[in-house]
Amino acid sequence: MKKKRILIIIGSFNIGGTIVSLNSLLSKLDSRRVEVDIFARLKKGDYKGKLPNCRLLDENIWMSHSIYYKGAIIRYLNFLLLCIRKAFEYIGIDLSMIYNHIGGKQVGTAKYDAIIAYDETLPRYVSYMPAKKRISWIHCDYRRHAQGKDESKYYDKIDKVVCVAESMRKVFVDIYPQYADKTVSIHNVINVEDIVEKSKSPIDDNRFSTDCFTIVSCGRLDPVKQFALIPEIASKVKSLSQKAFKWYIIGEGEDRVAIESSIERYGMQDIMILLGKKPNPYPYIAKANIYVCTSYSEAHPLVVNEARALRVPVLCNKFESAYESVEDGRDGYILPIESMAEKIVEMMEKTLVIEKCYLDNEETLQKIYNII
């Protein structure tokens with residue numbers, strides 16, 4: 001079997017569900033079947049130099065954001081090009097098709113068996129690159145990304161659209177029914193062995209303790225995660241139970257001030273602790289009694305599945321894709337936020353014991369090989 005050459009385009013190496021899922025995917029792809037190169041539009045972030053089984057391509061003046069920070073002449077040239085592009089966009093002409101066609105030719109995208117836009121912001125770049133096959137990966141609820149924008153001119157040139165959950169595939173096809181035949185759902189790869197191994201690392205934050213019932217939530221501090229609602233839930237738990245508990249949130253983001261304000265409003269300073277960003281959150285999740293996901297929307301809740309990999313019971317808010325990850329009563333519970341406090345109190349008395357991890361990547365990997 002001839003080895004396939006793949007180019008994956010990413011935005012940056014910043015920590016988030018997309019880059020974590022890519023890390024897991026690369027760690028599981030068979031290097032005898034697939035050879036992977038990576039092009040990052042912004043060559044910075046915690047995962048830079050850490051992605052396995054791939055080669056990182058050099059920057060390109062037409063396609064790289066980080067090129068803006070080079071010498072004064074290059075910065076001036078890029079600023080000028082940006083102004084010209086914005087001016088043309090204002091009158092309805094998208095110059096990015098020219099930029100990315102030139103950049104793609106310089107990078108040599110036509111020599112790959114497939115080029116992959118690995119998040120929903122990248123089809124506009126990949127659609128104009130010379131290619132044998134173009135694939136777009138969607139890691140979010142596309143309704144939140146699109147917000148009324150029509151991106152069909154990009155998806156016309158995409159050969160295959162991959163959504164990370166079947167419920168999210170239905171959302172995309174509802175918006176663009178003309179692409180139903182080329183849109184598929186493929187769950188994120190979860191590297192169970194790697195997660196379990198990383199969970200054995202020592203805790204590096206003395207604020208974290210398991211002396212009492214321990215709850216962990218993790219993710220970007222973004223309104224979609226609804227972390228600002230957790231202090232109210234914690235307050236209700238405290239009113240319903242005499243048992244001591246701590247609730248830790250791992251992550252950083254723009255919603256931190258709102259969360260801190262909510263913690264103060266409900267007087268939860270001694271119970272809730274914001275641990276900030278942790279490159280390796282798994283030791284914390286592994287030591288939790290339960291993991292709680294309060295998001296109102298997730299495409300394929302990666303950290304929920306990572307908690308499942310560590311056999312930590314999950315409480316998950318009701319959203320469409322939750323039912324593709326959590327089986328009620330087997331590895332956790334799906335319930336509305338309004339009912340979470342009572343369920344937490346119930347689990348303080350008798351937690352759910354998970355005998356084994358039910359995650360299997362074989363079907364997922366075969367689907368990926370098929371589309372490549």
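**From a loop proline to a pocket**

Proline 336 sits in the loop that links β13 (332-334) with α13 (340-349); helices (H or I, at least four residues) and strands (E, at least two) are DSSP runs, numbered from the N terminus. The model is predicted, so local features need pLDDT of at least 70 and side-chain atom pairs count only at pLDDT 80 or more, while totals for chains, interfaces and linings use all residues. Residues are numbered from 1 along each chain as its sequence is written, and side-chain values use heavy atoms, with hydrogens and water left out.

Proline 336 counts as partly exposed because its relative accessibility is 29%; buried means under 20% relative accessible area, exposed over 50%, and partly exposed in between (1.4 Å probe, protein chains only). Apart from neighbours within four places in sequence, proline 336 contacts Asn317 and Lys318, where contact means heavy atoms within 4.5 Å. Valine 292 is 44 residues from proline 336 in sequence, and their C-alpha atoms are 12 Å apart.

Ile8 and Tyr291 touch the most other members of the largest nonpolar core, which has 74 residues. Such a core is a set of buried Ala, Val, Leu, Ile, Met, Phe, Trp, Tyr and Cys residues joined through side-chain atoms within 4.5 Å. Beyond four places in sequence, tyrosine 291 touches residues including Val216, Ile285, Val303, Ala307 and Leu315. A second, separate core of 30 residues includes Phe213, Phe227, Met268 and Ile337.

Strand β5 (residues 134-138) has five of its five residues buried. Arg134, Ser136 and Ile138 lie on one side, Ile135 and Trp137 on the other, and both faces are covered. β5 runs parallel to strand β4 (residues 114-117), joined by three bridges; two strands pair if DSSP finds at least two bridges between them. Isoleucine 116 has isoleucine 135 as its bridge partner in β5. Four bridges pair β5 with strand β6 (residues 160-163), also in the parallel sense, and tryptophan 137 stands opposite valine 162 in β6.

The second largest pocket has a volume of about 380 Å³. On a 1 Å grid over the protein atoms alone, where a 1.4 Å probe fits, a pocket is an open set of points with protein on both sides within 12 Å along at least five of seven lines; lining residues have an atom within 4 Å of a point. The lining has 20 residues, with His187, Glu324, Leu359, Asp360 and Thr364 nearest the centre.

Terms used
Points joined across faces, edges and corners; volume = space filled by probe spheres on them.
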